[in-house]
Amino acid sequence: MTRFSAFIREGHVVAVLKIFVHCRKHIESKIVFNPMKRDFDDVEWVSGDWSQFYLDIKDGDEPIHTKMTEPRDKSVQVNMFCDALHVSCLQSRCSTTGMLSFLNGAPITWYSKCKNTIESSAFRSELVALKIATEMGKGIRYKLRMMGVSIDGPTNCFCDNQIVVINVSKPEYVLNKNHNSIAYHKVRESVAHGTQKVTHESGIINVSDCLNKFLEPLAFRHSNEYILFRQ
């Protein structure tokens, strides 16, 4: 709503009032900081052999800072959900990116931002959103390791666009559009390093949808129940 604060209209005020009504009805909701790791054994992760494409990279050869603090206590699991709503802004037709980051089952960061540029396709919007999630995931892993927290495996990243997931996870898929290549290779290099793994998560159950679009009551309740605990 801050984008429209200079020229507020009636629809903007109604939207803000709905936010306050929702908060009043769920005033006893609490954020869940679940210390337990999530079980993703039944998830089908897309993988491939990167030895022919990145000769200097071996699977699991994640670059780690040499002056990293010695790991202490138990390891943690990093999980990320990302999504992009194509041409969501009615004025500029820019896309909106939404992301949720979890340590084990506890939400730690959220990201919801309207992009400054207009994307010509939903594929490009989702690819840029996944690239932002990749960079945020690397930052989280770096901070945790510098504080002496060890990471349990690669970052589990969930994206709701099947084509994007296949393109960044399968070495044999080649991108034909050069203007997408930076985000494309950024994510593929991270997957090849073993820093993260990507899978498809349907938009119906992807919890990051609540950060970039208006959801139906049942879908919105599902997102809230994944993040919040209601008494």
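## Basis of the model

Helices (H or I, at least four residues) and strands (E, at least two) are DSSP runs, numbered from the N terminus. This is a predicted model, in which local features need pLDDT of at least 70, side-chain atom pairs count only at pLDDT 80 or more, and totals for chains, interfaces and linings use all residues. Residues are numbered from 1 along each chain as its sequence is written, and side-chain values use heavy atoms, with hydrogens and water left out.

## Overall fold

The chain has five helices and nine strands. Along the sequence they follow the pattern α-β-β-β-β-β-α-β-β-α-α-β-α-β.

Of the 231 residues, 40% count as buried. Buried means under 20% relative accessible area, exposed over 50%, and partly exposed in between (1.4 Å probe, protein chains only). The accessible surface is about 14,100 Å², by the Shrake-Rupley method with a 1.4 Å probe. Carbon and sulfur atoms hold 57% of that surface. Contact means heavy atoms within 4.5 Å. Among contacts between residues at least 6 apart in sequence, 74% join residues at least 24 apart.

## Helix α3 and its cover

Helix α3 spans residues 162-169. Its buried residues are V164, V165, N167, V168 and S169. Their cover includes α2 (122-146), β7 (155-159), α4 (181-193) and β8 (196-200).

A polar contact is a pair of N or O atoms within 3.5 Å; within protein, one must be able to donate a hydrogen and the other to accept it, and residues adjacent in sequence count only if both atoms are side-chain atoms.

## The cavity

On a 1 Å grid over the protein atoms alone, a cavity is a set of points where a 1.4 Å probe fits but cannot get out; lining residues have an atom within 4 Å of a point. Grid points are joined across faces, edges and corners, and a volume is the space filled by probe spheres set on the points. The whole structure has one cavity of 30 Å³ or more. The largest cavity holds about 40 Å³ of space.

Its lining consists of A133, T134, G137, K138, R141, T155, S190, T195 and Q196. Helix α2 gives the largest share, five residues. By class, the lining has one nonpolar, six polar and two charged residues. Here Ala, Val, Leu, Ile, Met, Phe, Trp, Tyr, Cys and Pro count as nonpolar, Asp, Glu, Lys and Arg as charged, and the others, Gly among them, as polar.

## Three residues in context

V128 lies in helix α2. V128 counts as buried because its relative accessibility is 10%. Leaving out residues up to four places away in sequence, V128 touches K115 and E119. V128 and Y184 are 56 residues apart in sequence, yet 8.2 Å apart in space, C-alpha to C-alpha.

N104 sits in the loop between β4 (96-103) and β5 (106-114). N104 has a relative accessible area of 8%, so this loop residue is buried. A polar atom of the N104 side chain lies 2.9 Å from the backbone oxygen of P35. Beyond four places away in sequence, N104 touches N34, P35, M36, K37, R38, V76, Q77 and N79.

D49 is in the loop between β1 (30-31) and β2 (72-76). D49 counts as exposed, at 53% relative accessibility. D49 and K170 are 121 residues apart in sequence and 8.0 Å apart in space, C-alpha to C-alpha.

Definitions and conventions. On a 1 Å grid over the protein atoms alone, a cavity is a set of points where a 1.4 Å probe fits but cannot get out, and a pocket is an open set with protein on both sides within 12 Å along at least five of seven lines; lining residues have an atom within 4 Å of a point.
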